[in-house]
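Hi,

Here is the structure I promised to pass on to you. Please have a look at it first, and then read on for what turned up.

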Amino acid sequence: MRVPVRSALRPLWNTTRPVIPCIWRGKYFSSGNVPAQNNRVTPMQRHLMYKIKSTGPITVAEYMKEVLTNPAKLIGIWFISEWIAAGKSAAFQLVELGPGRGTLTGDILRVFSQLGSVLKNCDISIHLVEKTPQGWREVFIDIDPQVSDKLRFVLAPCSTPAEAFIQQDETRDHIEVCPDAGVIIQELSQRIALTGGAALIADYGHDGTKTDTFRGFCGHKLHDVLTAPGTADLTADVDFSYLRKMAQEKVASLGPVEQKTFLKNMGIDVRLKVLLDKSDDPSVRQQLLQGYDMLMNPKKMGERFNFFALLPHQRLHGGNHQVNAQQTKPSASPVAGFDELTWR
């Protein structure tokens, strides 16, 4: 669920030339519709505002990196790492020595609940770019001049390096680009092409059709991305069409295919039947059915999660090096998940 919001974007810096007003046309969360009691200034927000005041507006990518990899979180990861190395004791003490009121320890404790995803995933940041009468312009984050403790989206007055990653055949008028993801895909493609292997990428995403996916979550609920930074997870959907182009035909690509299709091809229905037949416990059977519904229901994860694969060209039958969800061809050697498996 997304909440449609229209918020005005102002140019970053004053210029002598006239500026054409621009309205952000997406479903992004603005920073002006949050109840006052929830719009507290966090230590991370104070850090960001000091940085903006010192060096000027920052990109959305820089904002995400600051929020998702701030020092308190990294120090927290260090403590978790040492805890694991020491044998995962059921109880441990976290002690901060030095002057102050234990602010650092408080920050570390607040991010402990988020460390599971940090330890397992690689945070990749995006740049937001919008088409204007003057050409493509990147979206930055600045301090609202009318409210001193509030952040806002603004448009760059001139070109920025992020625009170099926009494809020439792009038809959308505002997009999210991720140079870091492109670098990773290029490295994976080169390695697979030289030494073999395969890569399977699973994430929330689309095939170059969406525009506004940058969002925040706090307590499993949508959260204003510019409010109380450091207290919520920030995320954006993967543009699989961009990943396919970054592979540069060095390898073959499959997908994206929706999770419900991938899991059905992998035999999830057969697996569910086997597990249900083996269980006489009503509570276990209910958990199995609920889990199946969460994974396969189109309104839940069934159509939101997608799978995408990179394979050596020789792995696929024929000369079709790029096969997407709409152009799947039969193969002499089916690729699990992307072709329906035959049970014998």
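A cut-off to begin with: a residue is called exposed when its relative accessible area is over 50%, and buried when that area is under 20%. Glu-249 has a relative accessible area of 54%, so it counts as exposed. Please keep in mind throughout that this is a predicted model.

You will find Glu-249 in the loop between α7 (240-246) and β13. For background, most residues other than glycine have a negative phi, and most peptide bonds are trans. Ala-228 is another residue other than glycine with a positive phi, near 50 degrees. Is Ala-228 buried or exposed? Its relative accessible area is 1%, so Ala-228 is buried. The loop that holds Ala-228 runs between β10 and β11.

Those two strands belong to an open sheet of 3 strands, ordered β10-β9-β11 and paired antiparallel. β10 (221-223) and β11 (233-235) are the edge strands, each pairing on one side only. On average, neighbouring strands of this sheet are turned by 40 degrees against each other, direction ignored. Between β9 (residues 215-218) and β10 there are 3 bridges, in the antiparallel sense. Across this pair, Cys-218 stands opposite Lys-221 of β10.

Now for the whole chain. The protein chain holds 11 helices and 15 strands. It has 344 residues, of which 43% count as buried. Taking contacts between residues at least 6 apart in sequence, 72% join residues at least 24 apart.

β6 runs antiparallel to β5 (residues 135-143), and 5 bridges join the two. Ile-141 has Phe-153 in β6 as its bridge partner.

The other strand is β13 (residues 252-258). Here 6 of the 7 residues are buried, so β13 is also largely enclosed by the rest of the structure. Its partner β14 (residues 305-311) runs antiparallel to it, with 5 bridges joining them.

On to the helices. Which residues of α9 (residues 268-278) are buried? They are Ile-268, Leu-272 and Leu-276. These three cover an arc of only 70 degrees around the axis, which puts them on the same side of α9. The other side of α9 has Arg-271, Lys-273, Asp-277 and Lys-278, which are exposed. The buried residues of α9 pack against α8 (259-265) and α10 (282-296).

Helix α10 includes Met-296. With a relative accessible area of 11%, Met-296 is buried. Leaving aside residues up to four places away in sequence, Met-296 touches Lys-260, Leu-263, Lys-264, Ile-268 and Gly-302. Ile-268 is also one of the buried residues of α9. The C-alpha atoms of Met-296 and Thr-261 are separated by 8.4 Å, although the two residues are 35 apart along the chain.

Finally, there is a helix pair. α1 (residues 43-55) and α2 (residues 60-68) pack with their axes 11 Å apart, at an angle of about 145 degrees. The crossing of α1 past α2 is right-handed. From α1, Met-44, His-47, Leu-48 and Lys-51 make the contact, and from α2, Glu-62, Tyr-63, Glu-66 and Val-67. Sorted by class, this contact of α1 with α2 has 4 nonpolar, 1 polar and 3 charged residues.

Best wishes

Conventions. Residues are numbered from 1 along each chain as its sequence is written. This is a predicted model: local features need pLDDT of at least 70, side-chain atom pairs count only at pLDDT 80 or more; totals for chains, interfaces and linings use all residues. Side-chain values use heavy atoms; hydrogens and water are left out. Axes are lines fitted to C-alpha atoms, for helices over the stretch in contact, and angles run from 0 to 180 degrees between N-to-C directions. Helices (H or I, at least four residues) and strands (E, at least two) are DSSP runs, numbered from the N terminus. A crossing is left-handed if the near helix is turned anticlockwise from the far one by less than a right angle, and right-handed if clockwise. Contact means heavy atoms within 4.5 Å. Ala, Val, Leu, Ile, Met, Phe, Trp, Tyr, Cys and Pro count as nonpolar, Asp, Glu, Lys and Arg as charged, and the others, Gly among them, as polar. Buried means under 20% relative accessible area, exposed over 50%, partly exposed in between (1.4 Å probe, protein chains only). The arc is that of the directions from the helix axis to the C-beta atoms. Two strands pair if DSSP finds at least two bridges between them.
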